[in-house]
Amino acid sequence: MTTTTEPADLTELPETTLLRFATAGSVDDGKSTLVGRLLHDSKSVLTDQLEAVERASAGRGQEGPDLALLTDGLRAEREQGITIDVAYRYFATPRRRFILADTPGHVQYTRNMVTGASTAELTVVLVDARNGVVEQTRRHAAIAALLRVPHVVLAVNKMDLVGHQESVFAAIAEEFTAYATELGVPDVTAIPISALEGDNVVEPSGTMDWYGGPTVLEHLETVPVSHDLAHCHARFPVQYVIRPQTAEHPDYRGYAGQIAAGTFRVGDAVTVLPSGRTTTVTGIDLLGTPVDVAWTPQSVTLLLADDLDISRGDLIAPAPDAPATSQDIEATVCHVADQPLTVGHRVLLKHGTRTVKAIVKDIPSRLTLADLSLHPHPGTLAANDIGRVKIRTAEPLPADAYADSRRTGSFILIDPSDGTTLTAGMVGESFAAPEPVKSEADEGWDF
Amino acid sequence: MTTVASVTEETDSPYALSHLDALESEAVHIFREVAGEFERPVILFSGGKDSILMLHLALKAFTPAPVPFSLLHVDTGHNFPEVLAYRDRAVERHRLRLHVASVQDYIDRGVLKERPDGTRNPLQIVPLTEKIQSERFDAVFGGGRRDEEKARAKERVFSLRDEFSQWDPRRQRPELWNLYNGRHAPGEHVRVFPLSNWTELDVWQYIARERIELPQIYFAHEREVFARNGMWLTAGEWGGPKGGETVQKRQVRYRTVGDMSCTGAVDSDADTIEKVITEIAASRLTERGATRADDKLSEAAMEDRKREGYF
């Protein structure tokens, strides 16, 4: 095609990157306003959506458009004026695409926050500048730490209601950062904002010139998204075996999957688990194109030197760096189902592409998120509870510590009778900092 | 400056995937999960751009082997002829098996009644759900995207439907990491949405990048249309124009492809993919807001249809 100087040809623009992030905030912290402003000021709310909101607001007798109606999509949510469930929203700037897991802030929806955080690379924790760090803030920080969300933004909102004072912001930022760092959150950025007036959300504030950092959007646009995952222990859960058996490809036998961590190269010596057999990568197909190297999270097909017995559920890893397999798993879990999880419960455990039978052997403790105190041997976990569990699996699993790999260190428990997703699990130690923040129990700190 | 431990590092890691590569990889993962865990999956194929994109991704996911799924078209009887021709070419070229659930059959047998407004979109639910039951499909891929509509923003990638194909948004399984749960009882099935995280612009950028062929009605062309409910509808035997409505020739294109009775065309001179992308990027209307009459019926029209088994 002919080249022109017109800037309008978007197909010629360089592709942008994708950031998945989640929001967390209490009911009145202004989360809807922040989300509304991000969507609105990045021009992601289109005329017909705004008109629909105006129509609905007027129909309810409200004076102005209620921006919460943009995000509350279900009948029940609109009727009750609360957000029930995680919703996913999409917006873009010329620099990046965003997937926002918009999670309800209410205490009883811990599971929704965990769901949103499980795929997020960044969490925005909202705080009301008038109230500072409260119980709910600590809960949000703890979930971000538990789920190993790499970046946390503390958005100190309603700065207009505290006279835009730097000292108020500084005190909250310091208290939160100290707490989050203690939990092992690797990266905290604090930003003073007024979501209502638009200060430091998309546009820099005209009234808080003492603040020299990025706006929320600017930070979202520039925060690193790959953070060295490609350098982790390489892991490849086999999803599906591709065997065309056609005249054109009589001998093709490829192992399809999405690289869960690290990098694979042609020529790598690899071990297949759980069998423990070793072979060499002879080829990598990137959706039909042969490549020499591939990395997480690419979906590829590996070709191997030897015809081993490999099927869905197996794990391919570099021979010198293969994980240990075990039938005993200790993990921190968040219980997400309404029916409780109890000691002795027989469940299914899905790890990577493998689903195995398992039994809950012990529940050593339950965590109170607000103050990180432990309740020893609760015997059972109810919906939204977070606790430690010991699980025995029917077959050995090559599980990594969640701290090393969010993909191969995570699992879900499933009720074999009706298929309900019961529990989200994270293998190994929980928080990076092993020091108890508050511990009155004799058992001491085991998170 | 008071920020603590702030990050200023730029994001040009050699390992960062472009947004299109990331979305492609995720969609392929979803197709392969279904192939690995289900007995009888099927792809809902309307001949529209989203289902064409799904088929393209499925072809890539299993190359060089054939796609291990068949296609299912819910034929409203009011289809654009160009789209039906495209459908048949795609089936032929990729040697796929095509199932058709026909709304017209149901009307002819007296099982379904034509609505007074002539819209056949809601009539698709019964033929679709009965076909799923009779063919015992256990996974049904749909091209729905969460950016399309506020009820769809709440949809899971793997969405369990009961034996009546009903969706209950308050009883959805939480979806954690990329560990999709496909468990279902006999008679139940799972709707699978591999394009959940794509936006309309992503779809068009990817179509441009991969040079995917589309039916010509997506590009600006002269067409005989008439105005109804603020939209340009194609004149035809399906039921338009009626008294008071007059046909005129306009330069238009379609942003979505659906039943002729409720899918409107937009005025456009975008006759190439590049021009279409530029037009969408500048548009102040959403895809469905611009071209779908059925979503304007009530505030929760999509949620209500989805609850009954719509895709």
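**Exercise 1. Start from the salt bridge between B:Lys60 and B:Glu210, whose closest N and O atoms are 2.8 Å apart, and work out which network of salt bridges holds B:Lys60.**

Before we start: this is a predicted model, in which local features need pLDDT of at least 70, side-chain atom pairs count only at pLDDT 80 or more, and totals for chains, interfaces and linings use all residues. Residues are numbered from 1 along each chain as its sequence is written, chains are lettered from A in the order in which they are written, and side-chain values use heavy atoms, leaving out hydrogens and water.

*Step 1.* Apply the rule: a salt bridge is a side-chain nitrogen of Lys or Arg within 4 Å of a carboxyl oxygen of Asp or Glu. B:Lys60 sits in helix H2 of chain B and B:Glu210 in helix H6, 150 residues apart. Helices here are DSSP runs (H or I, at least four residues), numbered from the N terminus.

*Step 2.* Look for another partner of B:Lys60. Its side chain also meets that of B:Glu24 in a salt bridge (2.8 Å, N to O). B:Glu24 belongs to helix H1 of chain B and B:Lys60 to H2, so this pair ties together parts 36 residues apart in sequence.

*Step 3.* Check burial (buried is under 20% relative accessible area, exposed over 50%, partly exposed in between; 1.4 Å probe, protein chains only). B:Glu24 is buried at 7%, and B:Lys60 is buried at 17%.

*Step 4.* B:Asp21 lies in H1 and B:Arg209 in H6, so the pair joins parts 188 residues apart in sequence. B:Asp21 is partly exposed at 27%, as is B:Arg209 at 31%.

**Exercise 2. Which helix of chain B gives the most residues to the side that touches chain A?**

*Step 1.* Count contacts (heavy atoms within 4.5 Å): 81 residues of chain B are in contact with 104 residues of chain A.

*Step 2.* Look for salt bridges between the two chains; the count is six. In one of them, the side chains of A:Lys350 and B:Glu33 meet at 2.8 Å, N to O.

*Step 3.* Compare the helices. H1(B) gives the most, with 15 residues.

*Step 4.* H1(B) covers residues 19-37, and 16 of its 19 residues are buried.

Terms used: Helix = DSSP H or I, 4+ residues; strand = E, 2+ residues; numbered from the N terminus. Expected span 1.5 Å × (residues − 1).
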